Amino acid sequence: MRHAKGKPPRVGDRPAIRRTLIAVVLVTGAFFVLAPLVVIAVQAFSLGVGYFGATIAHPDTRHAIFLTAATALIAVPINTIFGIAAAWAVTKYEFWGRRFLIVIIEIPFSISPVVAGVAYLFVYGLQGLFGPMLQSAEVRVLFALPGIVLASMFVTAPFVARELIPLMQAQGRDLEEAATSLGASGWRTFFSVTLPNIKWALLYGVVLCNARVMGEFGAVSVVSGNIRGQTNTLPLHIELLYHDYNAVGAFAAASILALLAVVTIVAKVLLERQGAGRRSRPALAAPIVEAKP
Amino acid sequence: MKRLLLAGVAAALLFSAPAHAQQPTSLLNASYDIARELFAAVNEAFIPAYKEQTGQDVTIDQSHAGTSRQARAIVEGLEADVVTFNQVTDIDFLVQNGFVSEDWQDEFPNKSSPFYSLPSFLVREGNPKGIEDWDDLVREDVQVIFPNPKTSGNARYTYLAAYAYALEAFDGDETKAQEFVKKIFDNVPVFDTGGRAATTTFVERQIGDVLITFEAETKAIGKEFGEDQYDLVTPSVSLLAEFPVAIVDRVAERRGSGELAKAYLDFLYTEEGQRIAAEHGHRVDNETVAPEFAEGFPEVRLVTVEDVFGGWDKAQEEHFASGAILDQLYGQR
């Protein structure tokens, strides 16, 4: 017995606690996560594959899928570039306000998306700061794609940066400094030294960011205007179908989003095997940290 | 990645390209949240009719949400050429903000309300509790379902209709009328926030003996969830619920879509438009169409908010403002 050897008992060592804990987590997980997903799948096909197909093939649904994909195609690359730039700035440079910048990057995590949407109304709305100016220039931001993209970007701004910052912080500046001292240009240093070191974490961030952009409801709902076939994203379309007493259609559309979630999870697991994600970070960072005197 | 970016930018340009043109061939109709099927049918009929008249192909876009939210969005820049609402007060909001002209109610017949409805009853099959009129709702063995009048426009009609019935029944005695309404409140097991949520409570959770909502809704529910499971009951007296329409002048002038907008709203008053509205459970005034559907719409005496409560502004102030009659009755529950 380990206890007999004089080691203090660790938390959760007792079999009873262990089993109870595992059981509690399993049951809650099955109940709150798995069950609803199963319901979605079952309900989506409850009127047959034909009805499912018809819902997905409806022009409004197809457009919603297209719009959601288009939003992701714009928002995710921009946020990726922003995330890399932000992580680079925060971890590779020392400057006044650095901590403040980290806080700013993380703000969207702690703000309700609806607040973000309303804030955009106040900035770009006709009653807001730039609304009248934009209207006279014939530029439509709100109730059109740009507004949807902006709102999605706000909500997902931290995803990439947050994955990269701890990793790049742990890795330090040594390798970049070495590359520079050997005469590599800034771009060369980035593509040959930094990028290979962060690529899995970067992809991991991109996957999470993408999932969130496609699933965003609150902020987009405020700025979308709900025009069918024009500004209705997939999550909004699901709500709309549901309110039209078309529960099966709503579940069919929801199953598309759920499918995306499954793809995301698979991608996430694969990436974690490659060493991305929080789990493996200390191991990656360890040699470099320890190498310092 | 670069290609994706390019595709994204192209898509962005495509979407944000201003709809503004010399003669717009598109129209955006901002409507209430449960009117999708109605206006899908209207648009399908309007487009060929308009083409026949003018030779022009047009597209009608639809936006559906709660009308208070729609009014807000229009004020913030949603470019809706016309509104087809279910609340007069939300068009008043647009008037206050200068988007709709003050005399909008004179622009189209029937105070710019092409069709109308009323709070009506939906009971379980065979009407086991024998619910026929408002006074059955205060019986102790009856459970009533309607949403919270604090949050739902639909329920405000129900509240005012019950109040108006009680005022008549007790010869205008306000105290007795309030007691009557309070007794109905006591019979409501759950107050949902909106009409659709109340429907779910009644239909899917099987709670309550009677659901009170717009007649058009009771018909839709019957169709959707099985006409053999529910019976429609029309009370002896109810409140006129208007479905006001208006041209959003500020948008229409900017886009030059005034003529199309007028043609669209006029269409709602044509025989064809009226028939579509009636098919979707609304009462209409058209002399040819109304008799065709008379069977589905039992006789009912309708009172108006103007006649009984002195208009929406006054009703708002006396009944729905915080601390007003509704709060007092609701708080006593």
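Confidence in chain B of this predicted model is lowest in helix α1 (residues 2–16) of chain B, at a mean pLDDT of 51, and highest in strand β11 (residues 245–247) of chain B, at 97. For chain B as a whole the mean pLDDT is 89, with 92% of its residues reaching 70 or more. Over residues 13–21 of chain B, however, pLDDT stays under 50, and for this stretch the model has 13 contacts beyond four places in sequence. Where pLDDT is low, the predicted coordinates should not be read in detail. For the complex, the predictor gives an ipTM of 0.75 and a pTM of 0.79.

The domain assignment divides chain B as follows.

| Domain of chain B | Residues |
|---|---|
| Domain 1 | 23–116 + 242–296 |
| Domain 2 | 119–239 + 301–331 |

The centres of domain 1 of chain B and domain 2 of chain B, taken over C-alpha atoms, are separated by 27 Å, and eight residues of domain 1 of chain B are in contact with seven residues of domain 2 of chain B. On the domain 1 side of chain B, the touching residues comprise two nonpolar, six polar and no charged.

In chain A, the axes of helix α8 (residues 158–171) and helix α10 (residues 186–215) come within 7 Å and cross at roughly 160°; α8(A) and α10(A) are therefore roughly antiparallel to each other. The crossing in which α8(A) passes α10(A) is right-handed. Among the residues that make the contact are Phe159(A), Leu164(A) and Leu167(A) of α8(A), together with Ile198(A), Leu202(A) and Arg212(A) of α10(A). The residues of this contact between α8(A) and α10(A) divide into 12 nonpolar, three polar and two charged.

Conventions. Residues numbered from 1 in each chain as written. Chains lettered and ligands numbered in written order. Predicted model: local features only at pLDDT ≥ 70, side-chain atom pairs only at ≥ 80, totals over all residues. pLDDT = per-residue confidence, 0-100. Helix = DSSP H or I, 4+ residues; strand = E, 2+ residues; numbered from the N terminus. Contact = placed C-beta atoms within 7 Å. Domains from an automatic or database assignment. Nonpolar A, V, L, I, M, F, W, Y, C, P; charged D, E, K, R; others polar. Axes fitted to C-alpha atoms, helices over the stretch in contact; angles between N-to-C directions. Parallel < 35°, antiparallel > 145°, perpendicular 65-115°, else oblique. Left-handed = near helix turned anticlockwise from the far one by under 90°.
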